[in-house]
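Please prepare a briefing on the structure shown below.

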Amino acid sequence: QTLDFSFAQCCKPIPGDSVFGFTTVSDGIKVHRNDCPNAISLQSNYAYRIIKATWVDSSQKEFKVGLKITGLDNVGIVNNLTKVISSNMNVNIHNIHFEGVKGLFQGELTVSVKNTQQLNRLIQQIEKIEGVKSVKRFTK
């Protein structure tokens, strides 16, 4: 049975994430990731409002995901990143911001993915780029 729902903005779940539904007082059912910062509080204080949630086919929809990337700053690092993301992975970049300080870089970008499988493949490809030290998903 499919119920009306919306995605929680605190954790922005995408297909493939482990999720649960939370029945709100005024906004209907909100879907949260199991590792959401609010999950423990919701599940312990409002267990009676928690419902099981599973993903159905979502291959026609895309979800925005934020990535934090850090590493060694070198000439062409941003070009290499955008080439891997846009060309090899065929993923759309919505925004990108990078800063280099004392030979290191830190960047944030927002991309559209269909599910966690595509996201994990993207992260693996980014991690292979020379100079990249870490790639982590984040929620603003």
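**Structural briefing**

Ring pairs link Phe5, Phe7, Trp55 and Phe63 into a cluster; rings of Phe, Tyr and Trp (its six-membered ring) pair if their centres lie within 6.5 Å. The model is predicted: local features need pLDDT of at least 70, side-chain atom pairs count only at pLDDT 80 or more, and totals for chains, interfaces and linings use all residues. Residues are numbered from 1 along each chain as its sequence is written, and side-chain values use heavy atoms, with hydrogens and water left out.

**Aromatic pairs**

- The whole structure contains 7 aromatic pairs.
- In one of them, the ring centres of Phe22 and Tyr46 are 5.9 Å apart and the planes stand at 70 degrees, so the pair is edge-to-face (planes under 30 degrees apart count as stacked, over 60 as edge-to-face and the rest as tilted).
- Because Phe22 lies in strand β2 and Tyr46 in the loop between α1 (39–45) and β4, this pair ties together parts that are 24 residues apart in sequence.
- Phe22 is buried at 6% relative accessible area, whereas Tyr46 is partly exposed at 32% (buried means under 20%, exposed over 50%, partly exposed in between; 1.4 Å probe, protein chains only).

**Nonpolar cores**

- The largest nonpolar core has 23 residues, and Leu67, Ile69, Leu81, Val111, Leu122, Ile126 and Val132 have the most contacts inside it (a core is a set of buried Ala, Val, Leu, Ile, Met, Phe, Trp, Tyr and Cys residues joined through side-chain atoms within 4.5 Å).
- At least two residues of this core come from each of β5 (63–72), α2 (77–88), β7 (104–113), α3 (116–127) and β8 (132–138) (helices, H or I with at least four residues, and strands, E with at least two, are DSSP runs numbered from the N terminus).
- Apart from this core lies another, of 7 residues, among them Ala8, Cys11, Phe22 and Ala39.

**Sheet**

- An open sheet of 4 strands runs in the order β1-β3-β2-β4, with mixed pairing (two strands pair if DSSP finds at least two bridges between them).
- β1 (5–7) and β4 (50–52) are the edge strands, each with a single partner, so one side of each has no neighbour in the sheet.
- Strands β2 (residues 19–23) and β3 (residues 29–33) pair in the antiparallel sense over 5 bridges; Thr23 has Ile29 in β3 as its bridge partner.

**Gln118**

- Gln118 is found in helix α3 and is buried, with a relative accessible area of 12%.
- Leaving aside neighbours within four places in sequence, Gln118 is in contact (heavy atoms within 4.5 Å) with Met89, Val91 and Val113.
- The side chain of Gln118 reaches the backbone nitrogen of Lys114 at 2.8 Å.

How values were computed: A polar contact is a pair of N or O atoms within 3.5 Å; within protein, one must be able to donate a hydrogen and the other to accept it, and residues adjacent in sequence count only if both atoms are side-chain atoms.
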